[in-house]
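Please find below my note on the model you sent for review.

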Amino acid sequence: MKRVAICPGSFDPITNGHIDIVKRSLRIFDEVIVAVAVNLKKTPLFDIDKRVQLIKESLKGLENVKVESFKGLLVDYVRQKRGVAIVRGLRAVSDFEYEMQMALMNRRLDHEVETVFMMPSEEYSFLSSTMIKEIASFGGSVKGLVPEPVEEALREVFKLKD
Ligand code: PNS
């Protein structure tokens, strides 16, 4: 049977760190679904359709990857997709508390869902979508930190340096 992993997140926007985690996941799982959460509490820079579109463009050429959005509980979505694991990136110790809380809560909600943590390449260990938005909002360069389509989209929203 195909082993499907779910890579969930807000992806507002997707960064090269996220892509690194997706690629690492593909070495372990048969298929990876990048699942973009419709988070009603957060006001995103990019709406859900734009985030999905940017991820699709950024992952072009990669096989065995799907990009979808989901509403509601992650464990329900994972069950619906017959996923065997949730994959999350762990950048630093500071991520651990939030990630452990989420993993244990998801396990409580569905004891069959496992969470797998992966370390991104160290060059992305300081990277976050929040930081990207802040740098871009002040006109700083995000080259090399986000995929081309995201850089382009940020350029449209903010005035970016090359
Ligand atoms: O990129 P993020 O914002 O850290 O991703 C968080 C996300 C989307 C994975 C998390 O908020 C989530 O799973 N949301 C869906 C609703 C849900 O299941 N909440 C309970 C998680 S314990």
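1. The model is predicted, so local features need pLDDT of at least 70 and side-chain atom pairs count only at pLDDT 80 or more, while totals for chains, interfaces and linings use all residues. Residues are numbered from 1 along each chain as its sequence is written, and side-chain values use heavy atoms, with hydrogens and water left out.

2. The largest nonpolar core has 33 residues, and Val34, Ile55, Leu59 and Leu154 have the most contacts inside it; such a core is a set of buried Ala, Val, Leu, Ile, Met, Phe, Trp, Tyr and Cys residues joined through side-chain atoms within 4.5 Å. Helix 2 gives the most to this core, with 4 residues. Apart from it lies another core of 12 residues, among them Ala35, Ala37, Phe70 and Tyr77.

3. In helix 6 (residues 148-157), the buried residues are Pro149, Val150, Glu151, Ala153 and Leu154, and they pack against helix 2 (48-58) and helix 5 (129-137). Helices (H or I, at least four residues) and strands (E, at least two) are DSSP runs, numbered from the N terminus.

4. Ser128, in the loop between strand 5 (114-118) and helix 5, is buried, because its relative accessible area is 18% and buried means under 20%, exposed over 50% and partly exposed in between (1.4 Å probe, protein chains only). Leaving aside neighbours within four places in sequence, Ser128 is in contact (heavy atoms within 4.5 Å) with Thr15 and Arg91.

5. Val93, by contrast, lies in helix 4 (residues 93-109) and is exposed, with a relative accessible area of 73%.
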